[in-house]
Amino acid sequence: MDTDVRGQYEAYPYPPRDPADEAKRLITGSPSNIVEIEHYVFGRKLAADQPFRALVAGGGTGDATIMLASQLAARGLMAEITHIDISGASLEIARARAAARKLDSINFIQASLNDLTELGLEKFDYIDCCGVLHHLPEPAAGLHSLVAALRPKGGIGLMLYGRLGRTGVYEAQDLLRLIADDLPDAERVETARALLDDLPPTNWLKRNSHIGDHHNAGDAGIYDLLLHRQDRAYSVAEIFALAADAELEITGFIEPARYDPLNYLEDAALRQKAASLPWPQRCATAELIAGNLKVHICYLVNSGRGGDIPRRPQSQMAVPVLNNVSPEALAGRLKGAPAISLDFDGAKIRLPLPKLAAEISAQINGERNLAEIRRRLAKAGHRLSASAFARQFEVLYKALNGINALLLR
Ligand SMILES: C[S@@+](CC[C@H](N)C(=O)[O-])C[C@H]1O[C@@H](n2cnc3c(N)ncnc32)[C@H](O)[C@@H]1O
């Protein structure tokens with residue numbers, strides 16, 4: 001086990017969380033939202049007749065564990081969740097958050113994810129590993145350890161730092177190693193803070209306006225960004241290689257629209273070239289064009305299983321599910337709009353919408369399949385042939401799935 005890293009997370013549990021806040025809000029995000037797990041790992045609704053076994057590896061102060069346990073409980077699904085972390089201080093916070101929510105489906109263990117085999121746990125349907133592998137001395141070995149703990153039809157939700165989007169971070173880390181490495185931790189944090197205030201506008205960290213989130217995250221945030229002893233970042237191409245090395249297949253990145261070069265390019269010849277690339281190269285191209293992907297969130301399944309996961313709505317039996325938005329709110333927002341226009345951290349994106357975007361969205365309740373939605377549209381006076389409906393839905397799906405607002409079961 002890397003004792004420097006463990007010492008850091010004992011002193012500075014990350015992200016900082018107050019269990020009392022559980023009474024006020026549920027933190028949700030990616031990976032490990034169950035709607036995403038259903039789409040990207042299983043391609044179907046989670047089964048209700050057996051407990052869903054999840055491992056949160058390097059679960060820290062509990063964000064994914066609490067979200068997953070709460071979402072499963074809200075659905076009335078049986079769950080067995082194991083949260084492991086090397087930091088006892090982080091585990092204490094996660095445990096207190098679970099207690100505040102009266103969640104009793106979670107088993108907390110202080111251990112390294114490298115030692116999973118020795119723990120002798122029953123295998124898991126799903127493993128969350130968010131912001132952890134890039135802090136291991138050997139990330140590939142860590143991923144192998146997770147794969148060994150996974151059921152053959154299970155999957156993994158991963159978050160790794162993005163190399164290009166973190167431009168400036170590693171140079172600032174080098175700088176702090178030169179001027180503050182021998183100081184006690186509290187003084188290293190003070191030095192980092194002073195440095196942040198003193199850097200000229202030409203410095204690459206200063207120039208990277210998208211790295212703003214840690215500045216306000218207190219000492220733990222400063223430490224995590226600038227003083228980490230074990231920290232690397234990945235390009236998209238490196239993540240595909242890491243996955244292949246562990247005999248895993250990537251089923252999707254969140255949000256998909258960020259990983260499509262066509263969303264950034266206007267030149268017809270460039271678009272044609274980008275469109276002709278296989279999916280991994282398209283994703284890699286999008287990262288190099290956008291330059292602003294600070295993290296990569298993706299889902300992985302055992303190699304050969306990717307075909308079970310719907311990349312597009314191919315069947316009328318598919319059930320569309322909205323993520324974090326109600327049908328009414330979505331339909332209201334899409335009414336009459338030719339496209340969704342948004343700002344992805346400075347990159348302006350335009351996602352075209354079909355004519356009946358609002359009408360179709362209003363029918364998506366997470367239960368109806370596409371055939372039923374088409375029937376209901378017809379009753380409301382919008383008669384479409386099966387192929388015309390499929391074409392409209394495909395355009396809507398591309399836009400909304402692109403921003404992680406629409407998934408399939
Ligand atoms: C940046 S935090 C992320 C926490 C959490 N996954 C989240 O996204 O909120 C990294 C966590 O990984 C834990 N960690 C680092 N190395 C580990 C290892 N070998 N085994 C288990 N946990 C580890 C740290 O203690 C820390 O809590």
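Me: Is E247 buried or exposed?
Reply: E247 is exposed, at a relative accessible area of 59%. Keep in mind that this is a predicted model.

Me: Where does E247 sit?
Reply: E247 is in the loop between helix 11 (236-245) and strand 6.

Me: And what's its phi?
Reply: Phi of E247 is near 55°, a positive value in a residue other than glycine. Most residues other than glycine have a negative phi.

Me: Which other residue has a positive phi although it is not a glycine?
Reply: N324 does, at about 65°. You'll find N324 in the loop between strand 8 (320-322) and helix 14 (327-334).

Me: Why does N324 count as exposed?
Reply: Because its relative accessibility is 65%, and the cut-off for exposed is over 50%.

Me: OK, peptide bonds. What's up with the one from I254 to E255?
Reply: The I254 to E255 bond is cis, with omega near -5°. Most peptide bonds are trans. E255 belongs to the loop between strand 6 (248-254) and helix 12 (268-275).

Me: What does the side chain of E255 make a polar contact with?
Reply: With the side chain of R258, at 2.5 Å. R258 is in the loop between strand 6 and helix 12.

Me: R258, buried or exposed?
Reply: Buried: R258 has a relative accessible area of 14%, and the cut-off for buried is under 20%.

Me: What about strand 6 itself, how many of its residues are buried?
Reply: Six of the seven, so strand 6 is largely enclosed by the rest of the structure.

Me: Which strand is it joined to by bridges?
Reply: Strand 7 (residues 295-302): six bridges join the two, and they run antiparallel. As for a specific pair, F253 stands opposite C298 in strand 7.

Me: Switching to strand 2. How many of its residues are buried?
Reply: Six of seven, which leaves strand 2 (residues 79-85) mostly covered.

Me: And in which sense does it pair with strand 1?
Reply: Parallel, over six bridges, with strand 1 spanning residues 52-57. Between strand 1 and strand 2 the chain passes through helix 3 (residues 63-74), and that β-α-β crossover is right-handed.

Me: How does strand 2 pair with strand 3?
Reply: Strand 2 and strand 3 (residues 106-110) pair in the parallel sense, over five bridges. With helix 4 (residues 88-100), these two strands make a right-handed β-α-β unit.

Me: What stands opposite T82?
Reply: T82 in strand 2 has L55 opposite it. In strand 3, the bridge partner of T82 is N107.

Me: Now the ligand. Which residues come nearest?
Reply: G58, D85, S112, L113 and C130, out of 17 residues around the ligand.

Me: What distances do you get for the polar atoms, say for D85?
Reply: A polar side-chain atom of D85 lies 2.5 Å from an oxygen atom of the ligand. For G58, a backbone N or O atom is 2.8 Å from a nitrogen atom of the ligand. S112 has an N or O atom in its side chain 3.1 Å from a ligand nitrogen.

Me: How much of the ligand's accessible area does the protein cover?
Reply: The protein covers 93% of the 600 Å² that the ligand has on its own.

Me: And how does the shell split by class?
Reply: The shell around the ligand has 10 nonpolar residues, six polar and one charged.

Me: Last one: where's P352?
Reply: P352 lies in strand 10 (residues 347-352). P352 is partly exposed, with a relative accessible area of 46%.

Me: How far apart are P352 and K398?
Reply: In sequence, P352 and K398 are 46 residues apart. In space, the C-alpha to C-alpha distance between P352 and K398 is 8.7 Å.

Methods: Residues numbered from 1 in each chain as written. Predicted model: local features only at pLDDT ≥ 70, side-chain atom pairs only at ≥ 80, totals over all residues. Heavy atoms only, no water. Buried < 20%, exposed > 50% of the residue type's maximum accessible area, 1.4 Å probe, protein only. Helix = DSSP H or I, 4+ residues; strand = E, 2+ residues; numbered from the N terminus. Pairing = 2+ DSSP bridges. Right-handed = clockwise from strand over helix to strand, strands pointing away. Near = heavy atom within 4 Å. Polar contact = N/O pair within 3.5 Å; in protein donor to acceptor, adjacent residues only side chain to side chain. Areas by Shrake-Rupley, 256 points an atom, 1.4 Å probe, with all protein chains shown as cover. Nonpolar A, V, L, I, M, F, W, Y, C, P; charged D, E, K, R; others polar.
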